[in-house]
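Subject: Structure for you to look at

Hello,

Here is the structure I said I would pass on.

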Amino acid sequence: MPESMRERLVEERKRRFLHRGMLFAGVSGISYGLYTAFLTLAQTQGVWGEWISGSAWGMGNPALSTFTVTFALAALAAAINDLFSGVWSVLVCAKNGQLNDLLMTIRSKPGIVMMACSAIGGPIATIAYVVALNAAAASGNPGAIVPIAALNCAIGTVLGRVLFNQGLEAHKVAGVIVCLLASALVGGTSYASIGPGVYFGCLFALIAAFGWGLEGCVAGFGTTLIDYRVGIAIRQSTAGILELFVAFPIFVCVGEGFNEIGAIAGAAFTDPSLVLFLISGLFAMPAFSFWYKGNSMCGTSLGMACNGTYAFWGPLFIWLLMGVFGIGGHSTDYPPLKAVQWVGALVMIAGIFLIAVNPAGYLQKEGSRTAVRSKDPLTYAIILLFLDGRQRCAQDIISELRPEYMDHKLLTVPDVAEMLATAKENGLLDETGYEASGEELQLLYRINEYGRSMTSRYLNR
């Protein structure tokens, strides 16, 4: 094969990989908008409508306290959504033959890191997000807080600099400033058209953005080794369990008393609105899993930028679902959206992309077999093979791992090649060359010192 053709094939493969990562992250933003819309709708139906309106509920039970409505119900809604999302995620793992990988990952250090991230992004950020949605909905415009929550990209950039001394180039500073201006535009317009009540929602949307930004920073390398389907099953299940069995009981005890925990939870889990939570959980699964997948393929900054388009998709789907389509008995003009709020959401997206993409040129990128144990998840086993210092392509990996992993559904050339490219994108492997057979191109990789150090740190080899 001529050298020019080989170089062209290599560049085409890299470009397809980048575009595929951006597609994953972009779909995560759309899914996030749908998850937000159905979660908002669910909390206006059935017993939830009675609770949030401050009226008697069920068989003549007295109205819940303001504290319970604000915080306990937010924790319960977040818990139901995340638990359903976790169930959907486990079913996907089962479909792909990854249940064993899931169990083994939970017991590993990267799995523990993922669960720690879940504690930040679940009980803290997700509950704050639901509090913000409910507060803004009570003021007449739940979509107004979504662009504020999308500040997680800007906040994550600043936290990365403060906590981990990550670079903060000029275009990132400019992007953060644009995001702050956009949030001021959305928040100020909401105050003028709705009133001061929306400020409470904006405050908790900022808390959610801080939690998700911190989650993105803390996750770091510990989540790059985990397949995104396995990762989201751990993340959502852990978050749902903490929200339902820790946060929700604490808030109910403060607002109503211990004896009301079972009654409120029972009413929620037997109400017909549970179907809407089932749907919101279905969309929450790709919202987070594709976010992780996109970040690992095209880089955290660009992945978060594509995901951050939910600043637009969230208000749009709330408007379509609860206003234009009138689902749930709302009027066709619900919620009231102002043109300047749409502009603010689009400006927010532009700021997020400015953080992620350097306009000057973002496309420029910077032994022995005994290390592998058959009890390792497939993604771990692939990385561990490289500890002997040899270079390998996807087909080499398959040949070496087939005896232990012959039944694994993801032990295919396309899937293994994508895992290798992801490891290279995250700095664990170096691309050392390629092998060609006709029109087929197999890229060769070798572990570098950073990858060896991180593998030793997280996988204890």
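This is a predicted model: local features need pLDDT of at least 70, side-chain atom pairs count only at pLDDT 80 or more; totals for chains, interfaces and linings use all residues.

Helices H3 and H10

Start with helix H3, which spans residues 66–95, and helix H10, which spans residues 228–255. Their axes come within 7 Å and cross at roughly 155 degrees. Angles over 145 degrees count as roughly antiparallel, so H3 is roughly antiparallel to H10. The crossing of H3 past H10 is left-handed. Sorted by class, the residues in the contact between H3 and H10 are 22 nonpolar, eight polar and three charged.

Helices H3 and H11

H3 also crosses helix H11, which is made of residues 261–270. Here the axes come within 11 Å, and the angle is roughly 50 degrees. That angle makes H3 oblique to H11. H3 passes H11 in a right-handed crossing, whereas it passes H10 in a left-handed one.

The surface patch

Which residues make the nonpolar surface patch? They are Phe-67, Ile-241, Phe-245, Val-246, Ile-250 and Val-254, and the patch has an area of about 570 Å². H10 gives the largest share of this patch, with five residues. Ile-250, one of the patch residues, is found in H10.

Regards

Key:
Residues are numbered from 1 along each chain as its sequence is written. Side-chain values use heavy atoms; hydrogens and water are left out. Axes are lines fitted to C-alpha atoms, for helices over the stretch in contact, and angles run from 0 to 180 degrees between N-to-C directions. Helices (H or I, at least four residues) and strands (E, at least two) are DSSP runs, numbered from the N terminus. Angles under 35 degrees count as roughly parallel, over 145 as roughly antiparallel, 65 to 115 as roughly perpendicular and the rest as oblique. A crossing is left-handed if the near helix is turned anticlockwise from the far one by less than a right angle, and right-handed if clockwise. Ala, Val, Leu, Ile, Met, Phe, Trp, Tyr, Cys and Pro count as nonpolar, Asp, Glu, Lys and Arg as charged, and the others, Gly among them, as polar. Patches are made of residues with over 30% relative accessible area and no salt bridge: like charges are joined within 9 Å, nonpolar side chains (Val, Leu, Ile, Met, Phe, Trp, Tyr) within 5 Å. Accessible areas come from the Shrake-Rupley method with a 1.4 Å probe; for residues, only the protein chains shown count as cover. A salt bridge is a side-chain nitrogen of Lys or Arg within 4 Å of a carboxyl oxygen of Asp or Glu.
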